[in-house]
Amino acid sequence: MRQQTRLFLNPSGPVNTPYIRVGQMTIEQTGMEQANQVYGLACLEVRGGNNVAAYAAELPGLNGWVWCQPLRPSRRGGDLYYISACSQGVVARVVLADVSGHGEAVGDAAVRLREALRNNVDLWDQSMLIRQLNEDFLAGARRTQFATAFLGSYYRETGELLFTNAGHLPPLWYRAARGEWGFLYESTPLSKEIVDLPLGLIAGTSYSQTAVQLEAGDLLLLYTDGISEAIDESGEQMGLARLLSIAESLPVDSAVAAGKALVAAAGRFSGAVPPADDQTVVVLQRRPNGT
């Protein structure tokens, strides 16, 4: 069989289209399971976890920054971050998940979700990966447990980001060429089919994939609801509109600067009110030279 070097990304449109619907992927003379065996991504975990963290990271084509603060006094929370490099530095895979609830049981669930990621992250078909995560999480979850998740696969050579959002909050997206902030939403039209539910709710849930083009200097800020649902001293919630307003004043020269500034702004908003949930931020920025 002739090797296809860009098999896992197949957008049905030009690469400079802001929102691109991923078309059906077909493989000649083989089924989906065989395709995953032949075209596995061979991912290596760079770092991941659900414990206290604050560090910069380099991924294929991306500079990153991770900050995680579980709700005290727990040492592990329900927010799970996971970053990996795949196919000898061709692809970067990033996951941010948020298990519902608090306490040790939630921390254990996040650990189980990380193990499911390790077992399935090599699957080149991202929709299959997120479906398998759903099944694995559902198998061990309590009835009241579920998790939202954002999963992205970044292709270094073209700057394409293929992402699947399983009920998670929309990332903030800074488009450097336009100097504009906005939210990264799926381009898939609303459907009656049960799609993109949080993990651990319904067995057999299907998930869609969307591709977007990241240009040099573009930023993606992933966050959990501990950030967007923070409360100030008057009892008012931050909300997405205020979060976007905060983003518009963030420095954009680096992932580290943008991430630290967002965390600091969230702290100023809350003032003396302590956090009521785990808080995690993952920032990604396409490097200027694309390498």
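This is a short tour of a predicted model, stop by stop, with something to select at each one.

**Stop 1: colour by confidence**

Start by colouring the chain by pLDDT. The average is 78, and 76% of the residues score at least 70. Now select residues 1-39: here the pLDDT is below 50, although the stretch has 82 contacts beyond near neighbours in sequence. Next pick residues 188-202, where pLDDT stays under 50 as well. For residues 188-202 the model has 48 contacts beyond four places in sequence. Where pLDDT is low, the predicted coordinates should not be read in detail.

**Stop 2**

Switch to a cartoon view and look for an open sheet of 6 strands, in the order 3-4-13-12-9-10. The pairing is antiparallel. Which strands sit at the edges? They are strand 3 (53-59) and strand 10, each of which pairs on one side only. Look along the sheet and you'll see its neighbouring strands turned against each other by 15 degrees on average, direction ignored.

**Stop 3**

Select residues 62-69 to bring up strand 4, which pairs with strand 3 in the antiparallel sense over 7 bridges. To see one of these pairings, show Ala54 and its bridge partner in strand 4, Trp67.

**Stop 2**

**Stop 5**

Go to residues 172-175 and 180-183, which are strand 9 and strand 10. These two run antiparallel and are joined by 4 bridges. Click on Trp173 and you'll find its bridge partner, Gly182, in strand 10. The hairpin has 4 residues between the strands, and Gly179 takes a positive phi near 65 degrees.

**Stop 6**

Zoom in on Arg72 and Pro73. A cis peptide bond joins the pair, with omega at about 10 degrees. Where is Pro73? It's in the loop between strand 4 and strand 5 (76-86). Carry on to Ser87, in the loop between strand 5 and strand 6 (91-99). Ser87 isn't a glycine, yet it has a positive phi of about 50 degrees.

**Stop 3: a cavity**

How many cavities of 30 Å³ or more does the structure hold? There is 1. The largest cavity has a volume of about 30 Å³. To find the spot, select Val94, Phe150, Gly152, Leu161, Leu220, Leu222 and Leu284, which line this cavity. Strand 7 (147-155) and strand 12 each supply at least two residues of the lining. By type, the lining divides into 6 nonpolar residues, 1 polar and no charged.

Key
Residues numbered from 1 in each chain as written. Predicted model: local features only at pLDDT ≥ 70, side-chain atom pairs only at ≥ 80, totals over all residues. Heavy atoms only, no water. Pairing = 2+ DSSP bridges. pLDDT = per-residue confidence, 0-100. Contact = heavy atoms within 4.5 Å. Axes fitted to C-alpha atoms, helices over the stretch in contact; angles between N-to-C directions. 1 Å grid on protein atoms, 1.4 Å probe; cavity = no way out; pocket = protein on both sides within 12 Å on 5 of 7 lines; lining within 4 Å. Points joined across faces, edges and corners; volume = space filled by probe spheres on them. Nonpolar A, V, L, I, M, F, W, Y, C, P; charged D, E, K, R; others polar.
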